[in-house]
Protein chains: 2
Amino acid sequence: MTARSLGAGSKVALLCHGYTGDTRAKLANTLLRYGKADVVAIVDSACAGQSFDALTGIPTAAPIVATVREAADLGAEILVIAVALLGGQIPPEWRTDLLFAADAGMSIVNPMHVRLEHDDELRSRIREGRWIWDLRVEPEGLQPASGRALGLSIPRILTVGTDMAVGKLTAAIELMRGLEAQGRRVGFVATGQVGICALGRGIPLDGIRVDFAAGAVESEVMRESERADCVLIEGQGAICHPSASANLALIRGSMPTHLLFVHRAGQTRIRSMDWAIIPDLERMIRLYEDIAACAGAFPKPVTFAIALNTAHMSPTEAEDAVRSTETSLGLPTADPIRHGVGKFIAALAPAMTPA
Amino acid sequence: MTARSLGAGSKVALLCHGYTGDTRAKLANTLLRYGKADVVAIVDSACAGQSFDALTGIPTAAPIVATVREAADLGAEILVIAVALLGGQIPPEWRTDLLFAADAGMSIVNPMHVRLEHDDELRSRIREGRWIWDLRVEPEGLQPASGRALGLSIPRILTVGTDMAVGKLTAAIELMRGLEAQGRRVGFVATGQVGICALGRGIPLDGIRVDFAAGAVESEVMRESERADCVLIEGQGAICHPSASANLALIRGSMPTHLLFVHRAGQTRIRSMDWAIIPDLERMIRLYEDIAACAGAFPKPVTFAIALNTAHMSPTEAEDAVRSTETSLGLPTADPIRHGVGKFIAALAPAMTPA
């Protein structure tokens, strides 16, 4: 196995059967938006021939094809399983695609919990010089957290939100780019397979054992803080999601000074469990702050802005949603994709050292 | 390797070098209090020849010896690494003890994160019919949580607290025994290596990946709820501990109806990090409840009592501590070891179906 990456110039196919346009295809969307690799095809038999741009609003010249064979014919060298499914299992019927990709001489990027490197059949069919990259493997040498991030003098900005896949990573990356455009040196901690894949570094938090979860975050925050004006930390899940429990590790590991609250406009229930109601946003924001401050044991972070995901709305609806959220919560609000991150940067300014 | 257990009749030595009487030797203490195995020796070169009872207040006829050799001479068949250390590593100098135990024909119980089953040298020296039991291995077939525990009609009682090793497991076991003595059918979810070791079942929560942590708790709660009048769940860590992040998984997995708050009387700082201040107890109790209720998304649990650990106090000091805690927090308070669990059971009574 040689070095595994999705660097500039690599030719990638995104495997998305049935999920194109769905928020669970966020790995596909994020690689198209922020990745360095050259995407040559999206593989989705359910919508082959349609326009990815029309289906998602994300511009790309790559066609949607029905099979991995077609992607290989278009020059794909790497097949990325480009969806995030609850529980992290690969749909069994996708195995044919993976075996075909190996036989066709492609490398494979796997964001799921299952270890494809331990799959003897698949591994034996991977050609010399190609590789399997299991993104969700726990790093070596982890330690429990020790509260070290509290000693940092620069802002630690954590994204938190109301559900999985509402746009926490996107908001964080857009904010990073906005700050960098102003000459800021930004540390970034990707904490999920999508961020790792797009940025080439980070930790797969949900694949890390509970005892080391906060420590893994802390260690990345400390490393990223070197020669940085602030550190952005990609959040995971939501405290109101019955399946999600990463927030405490993220909060204790990063000891955040600032929270960017992310919500999908109009959403009132957890998407995969429609009996689970998203709480009143103001109370939820306060709860995140209270958990971080832990009844006074730690400094209380500031929720400095709301990133509102309005991808599913018309421009007018989006404007209305931003205006009403801003009014009701009293916090600067914007859709970072639609409106940019100027409001976020302005709200952060008082905490940053003069540029 | 044959079946691994610490069942009735097995002859056990507890390896505790330097930790006898320390709260980090809680595996030793819990096995002596609640385990079924016959403890033939405690191995601690720092206090060999002294009385374990005098050092800890836990009655046992087993002597403290300096070496594993002496324990073997007393008939020990199983060596238990009987301490819990932050980060779950085995002190390197204990390796000699482990190798000696293997050579002497003993089995080994390992509560740490490191996998002794993967230690070729040690494994090769374990005799036929003996075994290594790595307690902290993630179970197979886990799923993310789905909020199923909310559908249960019986109480789910979770212990929460102010630090690691303050007595959450002890309080839960004592409460289980008290309820059982009244004819109640009690489900019990052990969530750490100590509880698993003492009770023979449970999950090593801190060795489980974040994505499956709440689901592992939920799955045990559902199984234990069958034919039970209530389920007790052993808590882990504390939300004010910079290293600990298991509480959210415990809360979402068990969807508790009742919280038993556990505190070591007089303790004001996290033991292993004396810069970390334990918050005001009343505010901390409210925070646990708020996290569980998540700003109204889930039912709010009742904190029904305080288990106060007074092991380090004189009887008079203990009485004073209980009285002042009860007055200041307005909740039934008792040291379950010193005073029994009558107050806890009385406080729970309104939530239980008539016996």
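Buried here means under 20% relative accessible area. The model is predicted.

**Helix H4 of chain B**

Helix H4 of chain B spans residues 95-103. Its buried residues are Asp97(B), Leu98(B), Leu99(B), Ala101(B) and Ala102(B).

**The interface of chain B and chain A**

Chain B touches chain A with 46 residues, and 46 residues of chain A are in contact with them. The area buried between the two chains is about 3,800 Å². Carbon and sulfur atoms give 65% of that area.

Which polar links cross this interface? There are 14 residue pairs in polar contact, both residues at pLDDT 80 or more. Helices H8 (210-225), H9 (247-254) and H10 (281-293) of chain B each give two or more residues to the side that touches chain A. The classes of the residues on that side of chain B are as follows.

| Class, side of chain B touching chain A | Residues |
|---|---|
| Nonpolar | 29 residues |
| Polar | 10 residues |

How many salt bridges are found across the interface of chain B and chain A? The rule finds 2. Arg136(B) forms a salt bridge with Asp211(A). In this pair the closest N and O atoms are 3.7 Å apart. The cut-off for a salt bridge is 4 Å, so the pair qualifies.

Note on methods. Residues are numbered from 1 along each chain as its sequence is written. Chains are lettered from A and ligands numbered from 1 in the order in which they are written. This is a predicted model: local features need pLDDT of at least 70, side-chain atom pairs count only at pLDDT 80 or more; totals for chains, interfaces and linings use all residues. Side-chain values use heavy atoms; hydrogens and water are left out. Contact means heavy atoms within 4.5 Å. Buried area is the accessible area (1.4 Å probe) that two parts lose on being put together, summed over both. A salt bridge is a side-chain nitrogen of Lys or Arg within 4 Å of a carboxyl oxygen of Asp or Glu. A polar contact is a pair of N or O atoms within 3.5 Å; within protein, one must be able to donate a hydrogen and the other to accept it, and residues adjacent in sequence count only if both atoms are side-chain atoms. Helices (H or I, at least four residues) and strands (E, at least two) are DSSP runs, numbered from the N terminus. Ala, Val, Leu, Ile, Met, Phe, Trp, Tyr, Cys and Pro count as nonpolar, Asp, Glu, Lys and Arg as charged, and the others, Gly among them, as polar. Buried means under 20% relative accessible area, exposed over 50%, partly exposed in between (1.4 Å probe, protein chains only).
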